[in-house]
Amino acid sequence: QVQLVESGGGLVQPGGSLRLSCAASGSIFSIDYMGWYRQAPGNERELVAVISSGGSANTADSVKGRFTVSRDNAKNLMYLQMNSLKSEDTAAYYCNAVGAGGSRRERFNSWGRGIQVTVSS
């Protein structure tokens, strides 16, 4: 079983920055993709950014140029650097990882519990 834990959220003023981290642990053989999703009250969960094990990354148009996703494969960590934050970025942010693990290298698709980011003056 693979566990994901997010950290780094909180309250920030518009225009400010935050850096989210996601730590994966457990019986991990490989993590093919890691991603950040977010969900605001009353909205569906949406993809913010995704990054492959090779470092190829894609970000949603709504955050392009402001958010940057990165990962440390050796440590099973993923980061989301969020700059120029806007009130509409307020949401619970979730970490997702897809890969293989366990003694039989079974596929997994795991989620963190989420962390709140609030952008407000």
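Visitor: How many bridges join E3 to E8, and which way do the two strands run?
Guide: Strands are DSSP runs (E, at least two residues), numbered from the N terminus. Two strands pair if DSSP finds at least two bridges between them. Here 6 bridges join E3 to E8, and the two run antiparallel. One example is Cys22, whose bridge partner in E8 is Met78. This is a predicted model, in which local features need pLDDT of at least 70 and side-chain atom pairs count only at pLDDT 80 or more, while totals for chains, interfaces and linings use all residues. Residues are numbered from 1 along each chain as its sequence is written, and side-chain values use heavy atoms, with hydrogens and water left out.

Visitor: What is the strand order of the open sheet?
Guide: The open sheet has 4 strands in the order E1-E3-E8-E7, with antiparallel pairing. E1 and E7 are the edge strands, each pairing on one side only. From one strand to the next, the twist averages 15°. That angle comes from axes, which are lines fitted to C-alpha atoms (for helices over the stretch in contact), with angles from 0 to 180 degrees between N-to-C directions.

Visitor: Which residues touch the most other members of the largest nonpolar core?
Guide: In soluble globular proteins, nonpolar side chains tend to be buried together. A nonpolar core is a set of buried Ala, Val, Leu, Ile, Met, Phe, Trp, Tyr and Cys residues joined through side-chain atoms within 4.5 Å. Buried means under 20% relative accessible area, exposed over 50%, and partly exposed in between (1.4 Å probe, protein chains only). The largest core has 29 residues, and Trp36, Leu80, Met82 and Tyr93 touch the most other members. Strands that each supply at least two residues include E1, E3, E4 (28-39) and E9 (91-101).

Visitor: What is Met82 in contact with?
Guide: Contact means heavy atoms within 4.5 Å. Leaving aside neighbours within four places in sequence, the contacts of Met82 include Leu18, Leu20, Phe67, Tyr93 and Arg66.

Visitor: Is Arg66 buried or exposed?
Guide: Arg66 is buried, with a relative accessible area of 10%. Arg66 sits in the loop between E6 (57-59) and E7.

Visitor: How many salt bridges does a search of the whole structure find?
Guide: A salt bridge is a side-chain nitrogen of Lys or Arg within 4 Å of a carboxyl oxygen of Asp or Glu. The search finds 4. One of them joins Asp32 to Arg107, with the closest N and O atoms 2.8 Å apart. Asp32 lies in E4 and Arg107 in E10 (residues 106-111), so the pair ties together parts 75 residues apart in sequence. Asp32 is partly exposed at 21%, and Arg107 is exposed at 57%.

Visitor: Which residues are linked in a network of salt bridges?
Guide: Arg38, Glu46, Arg66 and Asp89 are. Between Glu46 and Arg38, the closest N and O atoms are 2.6 Å apart. Between Arg38 and Asp89, they are 3.0 Å apart. Arg38 lies in E4 and Asp89 in the loop between E8 and E9, so this pair ties together parts 51 residues apart in sequence.
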